[in-house]
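The following report examines the structure shown here, moving from individual residues to the overall arrangement.

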Amino acid sequence: MKTKLLLISLLAALQLSAQSYQKIHNKAILVDTHNDFLTQTMEKNFVFDTNLKGKTHSDLSRMKEGGVDVQFFSVWSDGEQVNPYAFANRQIDSLDAVISRNPDKIVKVATSKELLKTVKQKKIAALIGVEGGHQFENDLGKLESLYNRDVRYISLTWNNSTPWATSAADETNPDGAKNSEDKKGLTAFGKQIVQKMNSLGMMVDVSHSGEQTFYDVIATTKKPIIASHSSVYALCPHPRNLKDDQIKAIAKNGGVIQINFNSGFIDPTVDNRESAFLEKHKSEIDSLAQAGLHPFIAQESIYVKYADESQQLRAPFEMVIQHIEYVINLVGVDYVGIGSDFDGIFLPPKQLDDVTDYPLITKALFEKGYSETAIDKILGGNLLRVLKANE
Ligand SMILES: [Zn+2]
């Protein structure tokens, strides 16, 4: 009898916990600053407002199911793209088409005021982040046109540097020491771009930027900045992650670090294991690329084909929470958020299979004893503060 009573009260406690974190999750404004679905549209013709379960990390109804309130859709092209500005606009067109078909579910917003109104109406607020400054083709007029299409952040570089900002990939390239061009940071024109973004009300994103570029941005910007999808270097020393001094500099600037879910940025053991996996299947990837697939898509198809092997590479879920907590312990709860990189990564951590799994983050934070106020900040409040400060 005693065991039975104990079991009942244990079950009741569990249920209470489930109710509480779900309630917090539903009430909070969940902002994700980096989702690459538009690339899936361009490369594979996937349509966001259809059921893509098992094919992508996200679609419209699953995003709603996961409790996403605000999504920054990433507009991306690699450095090889001919006419990247036109390509960027085509991606924005594809999002606009989805939105015009679903006005009761998703709305494009230009200001934090519109954003809050949309969230209140239980619709997803959509904004755009341009990933890679090469996409406005060194033209401040085109930069402004992107702002007019509701682009509210630009990552100054992707893996490729621009003529005016060096990327993390180039700055950490082993040949970089021989080539000072690879470490030059922001040029005078690069500083002008940061100032222009400040005056328009467009957040400067330092994810993918090299360290020199990062510190030049910190010295130039008059507004808080973001790292839209980067994690913690001290826990996983990858060039795409932020070192402690960078995290401190962002906190001092009033900005925010949006933790990336990519297993290779979360778990330091993944990179080597993933390289071995890719090496093993190299000839197959190469022949797919030679047949005309984009190299990223060629790789992705190998992760799917050899799922038994690739799934083993995923980081433990708990490590995502460790990255969030690391930032909190270093600089406080006001400077961290979520930039999943869903549909731009092949290996999200275990349990975070797709956008319906965001409540697991809330559950983990709740069970660790974080207050509702703290959880609200992490899920989106911090990013909204930075967005507002940029307007
Ligand atoms: Zn990226």
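## D78 and its surroundings

In this predicted model, D78 touches H134, W158 and H294, leaving aside residues up to four places away in sequence. D78 is located in the loop between strand 2 (70-76) and helix 4 (84-101). With a relative accessible area of 15%, D78 is buried, because the limit for that class is under 20%.

D78 and N253, by contrast, are 175 residues apart in sequence, and their C-alpha atoms are 29 Å apart in space.

Helix 4 also holds R90. R90 is partly exposed, at a relative accessible area of 47%. Between R90 and M42 there is a separation of 48 residues in sequence and of 8.7 Å in space, C-alpha to C-alpha.

## The zinc site

Which residues supply the protein donors of the zinc ion? They are E131, through OE, and H208 and H229, each through NE2, at 1.9 to 2.2 Å from the ion. Along the chain these donor residues follow the spacing E-x76-H-x20-H. E131 and H208 link distant parts of the chain, being 77 residues apart. E131 belongs to strand 4 (residues 124-131), whereas H208 sits in the loop between strand 6 (203-205) and helix 9 (211-220).

## From strand 4 to helix 6

The loop between strand 4 and helix 6 contains E137 and also N138. The backbone of E137 has a positive phi, near 55 degrees, in a residue other than glycine. N138, which is not a glycine either, has a positive phi of about 55 degrees. Most residues other than glycine have a negative phi. In accessibility, E137 counts as partly exposed at 26%, and N138 counts as partly exposed at 40%.

Helix 6 (residues 140-148) is capped at its N-terminal end by D139. A side-chain oxygen of D139 lies 2.7 Å from the backbone nitrogen of G141. Beyond the helix comes D150, where phi is again positive, near 75 degrees.

## H25 in helix 1

H25 lies in helix 1 (residues 2-27) and counts as buried, at 2% relative accessibility. The side chain of H25 makes a polar contact of 2.6 Å with the side chain of T362.

T362 is one of several residues that H25 touches; the others are L30, G66, G67, Y358, P359 and L379, not counting residues up to four places away in sequence.

## Nonpolar cores

How many residues make up the largest nonpolar core? It has 76 residues, and those with the most contacts inside it are F261, I324 and I361. I324 touches I361 as well as I259, V336, L365 and I378, with residues up to four places away in sequence left out of the count. A second, separate core of 16 residues includes V109, L115, A125 and L384.

## Domain arrangement

According to the domain assignment, the protein has domain 1, made of two segments (23-267 + 315-390), and domain 2 (270-314). The centres of domain 1 and domain 2, taken over C-alpha atoms, are separated by 25 Å.

At the boundary, 20 residues of domain 1 are in contact with 14 residues of domain 2. The area buried between domain 1 and domain 2 is about 1400 Å². Carbon and sulfur atoms give 59% of that area.

Notes:
Residues are numbered from 1 along each chain as its sequence is written. This is a predicted model: local features need pLDDT of at least 70, side-chain atom pairs count only at pLDDT 80 or more; totals for chains, interfaces and linings use all residues. Side-chain values use heavy atoms; hydrogens and water are left out. Donors are N, O and S atoms within 2.8 Å of the metal (3.2 Å for Na, K and Ca); water is not among the atoms, so sites may look incomplete. Helices (H or I, at least four residues) and strands (E, at least two) are DSSP runs, numbered from the N terminus. A nonpolar core is a set of buried Ala, Val, Leu, Ile, Met, Phe, Trp, Tyr and Cys residues joined through side-chain atoms within 4.5 Å. Buried means under 20% relative accessible area, exposed over 50%, partly exposed in between (1.4 Å probe, protein chains only). Contact means heavy atoms within 4.5 Å. Domain bounds come from an automatic or database domain assignment. Buried area is the accessible area (1.4 Å probe) that two parts lose on being put together, summed over both. A polar contact is a pair of N or O atoms within 3.5 Å; within protein, one must be able to donate a hydrogen and the other to accept it, and residues adjacent in sequence count only if both atoms are side-chain atoms.
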